[in-house]
Amino acid sequence: MKKLHKQLNHVRLTKQESADMRGDMLSYMKEHPAAVSPVRKSDPIRHSMGIGKHFPLHLLVTHNRMFAGIFLAIIAAFSGGTVFAAQGALPGDVLYPIKVNVNEEIRGAFTVNAEAKVAWETTLAERRSHEAAALETEGALDADIAADLSARLATHIDKAESLMAELEAKGNLEAAANAQSRLEALLSVQQRIFQSLEDDATADTDDDTTDDSATTTPSTDDDDADEDEHVLPITHILNALEHKADVQARVRADYAEKLEEKDEDDRARTLAQTKQVTETKITTTEKILLTFEEKNGARTEAHAAFDAAVTMKQEADRKLLAKEYGDAFELYHKAQTMLDRVHLFLRTSAAVGIEVRIDTDNDDDKNDDRNRSDEKHEDVNDQDTDDEQNADDADEKEDDDDTDEDDALNIEIETDALLDIDDKETRSESKSRVNIGL
Amino acid sequence: MAATQEDIEQRFMTLYDTYQDAIFRHCYFRVYHREIAKELAQEAFMKVWDYLQKGNTLEHPKAFLYKIATNTVIDYRRRKKEDSLEQLQDTGFQPAGNERIEDATDSKMDVDALMTVLDTLEDIYCEAFLLRYIEGLKPKEIAVMTGETVNVISVRITRAKRQVQQKMKHIPTV
């Protein structure tokens, strides 16, 4: 049976056939474009969803996402539109608890499998990061809020990492690697944003100290001790992200090695999927980038990063032809990470009110801009200790009732109020320049 | 928030790129004709697009896609009144130039015989066998796709395999 299976596996479309069919499909789609306002009816495949941990509405949730919209509408009707008004809330706002404890819980309850869950946790990590950055630029990020946000951020990152490990353990290397690309992009971009914000905050603190020095009385030992213990609120956020991006870069390399352990057919299938996902991501990113540049009337710096991703993908193609599968896999995912960073660049520019710049330094090299002035920050030689801890965390499997493990494609949970530019612009007029290395 | 047109197109094309070959094979091993299999596979994807294009969403895209493909093949067979078992035994199936199985005569005979036998099975057993042993799907995945329980699928696979093995013994070898 195995021999027959192998033989029958060779029944495949040729490249030309595949390309011709793809072209025909695209033509068909152009003639029958998608409706922009979906009716939101779900497919008729029945499946029991093993959810219910987060919110009692699991009783209402059976097969489809339609109930999410209905439930939110019901709550909105009784709450006078509160749930929708809460979407753009920041920590400290009256509606923020509605946003995180109601809206996000409802949305999260409809993630049925590990892939959707990891995408949702990454989205939540991005939201918490944006909230922290927005508050910091307003000068409204205090120690309590920062501690709360950093704890939430760390939780979402840890959950995402656990879910990735779960996907990998189930043999779904491609899904795990896709999730890893997005998480790595988020961590590296956000780390740089917060590093820059911390540097600005440190500079402001130093200026204040200098200004006050002429009028303050000489400090005692107790005063010095208090000053040593003072940690900027933004530092809490930065600590939650520290080394995580580096860890993810190593996870990416690990996945490439794991690919080599698969049999030839599995490896070929995984690489074919990876290549196609990368190509689709390039096409989508190019569209979004061109639209953004058309709106702003200028080519953005992100375009250089996009070009670099395309070059990386071409190099991956060459590696694939040369049967250097591990290298090809890693390069495809590096390209995907870079494309995710371009997306983040565009979203952050719109959402947070921070003017961002992109440079094309390879983020895998140590970046000299990570200049930590705080004496408590760990030396890069301590990364090994962190790696072990992170590896242990990643080994913890989240207890999951979900029985659906077949989907390679999931509808990504969309972000919403993060792109509400008007609200963010009225909140803050101050801007700081941040380098996002790529 | 409602998905944009670009979002829907992107997700669909990712689904298409991921499963184009798999759906072609799924159709091929039901109709044993390359060009027809390509048309049926394409028709299945168009139906899925039509479903999405009207504003519906997919919670289980892969399962839905396989289901549509299966139904498309069934509709084709009913429309075309498929050839009899004797005709299939005479003509065999037509592998394309890139298939290695035509290089090994014995292997080709085995595959021919297998295809002949599969065509004599009830649809539910043929489907279970193909999905398990040709597509390499796990019983759990097949259960989601068909809406049956894992136990039912496991029983069908076992029975299908037993039937195939028994019938293969009776096919004369040359």
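Predicted model: local features only at pLDDT ≥ 70, side-chain atom pairs only at ≥ 80, totals over all residues.

What percentage of the 174 residues in chain B do buried residues make up? The figure is 44%.

Where contacts in chain B join residues at least 6 apart in sequence, 62% of them join residues at least 24 apart.

I would draw your attention to one helix here. Helix H3 of chain B covers residues 61–80, which is 20 residues. From its first C-alpha to its last it reaches 28 Å, close to the 28 Å expected at 1.5 Å a residue.

Val73(B) has its place in helix H3 of chain B. Why does Val73(B) count as buried? Because 24 C-beta neighbours lie inside 10 Å of Val73(B), and the cut-off for a buried residue is 20 or more. Setting aside neighbours within four places in sequence, Val73(B) is in contact with Cys27(B), Arg30(B), Val31(B) and Leu40(B). Consider Cys27(B) in particular: this residue and Val73(B) are 46 residues apart in sequence, yet 6.5 Å apart in space, C-alpha to C-alpha.

I now turn to chain A. This chain has 16 helices and two strands. Of its 438 residues, 39% are buried. Among contacts in chain A with a separation of 6 or more, residues 24 or more positions apart account for 80%.

Just after H7(A), Gly171(A) takes a positive phi of about 90°.

H7(A) has a partner in helix H10 of chain A, residues 233–241: their axes come within 8 Å and cross at roughly 10°. Angles under 35 degrees count as roughly parallel, and H7(A) and H10(A) are therefore roughly parallel to each other. On the H7(A) side, the contact includes Ala143(A), Leu149(A), Ser150(A) and Leu153(A); on the H10(A) side, it includes Pro233(A), Ile234(A), His236(A) and Ile237(A). By class, the residues of this contact divide into 10 nonpolar, three polar and no charged.

The other pair is helix H12, residues 264–296, with helix H13, residues 302–321, both of chain A. These two pack at an angle of about 160°, with their axes 11 Å apart. H12(A) and H13(A) are therefore roughly antiparallel to each other, and H12(A) passes H13(A) in a left-handed crossing. Residues that meet here include Leu271(A), Lys275(A), Ile282(A) and Glu286(A) from H12(A), with Phe306(A), Val310(A), Lys313(A) and Leu320(A) among those from H13(A). Which classes make up this contact? There are eight nonpolar, three polar and three charged residues.

Thank you for your attention.

Conventions. Residues numbered from 1 in each chain as written. Chains lettered and ligands numbered in written order. Helix = DSSP H or I, 4+ residues; strand = E, 2+ residues; numbered from the N terminus. Axes fitted to C-alpha atoms, helices over the stretch in contact; angles between N-to-C directions. Parallel < 35°, antiparallel > 145°, perpendicular 65-115°, else oblique. Left-handed = near helix turned anticlockwise from the far one by under 90°. Contact = placed C-beta atoms within 7 Å. Nonpolar A, V, L, I, M, F, W, Y, C, P; charged D, E, K, R; others polar. Buried ≥ 20, exposed ≤ 12 C-beta atoms within 10 Å, placed from the backbone. Expected span 1.5 Å × (residues − 1).
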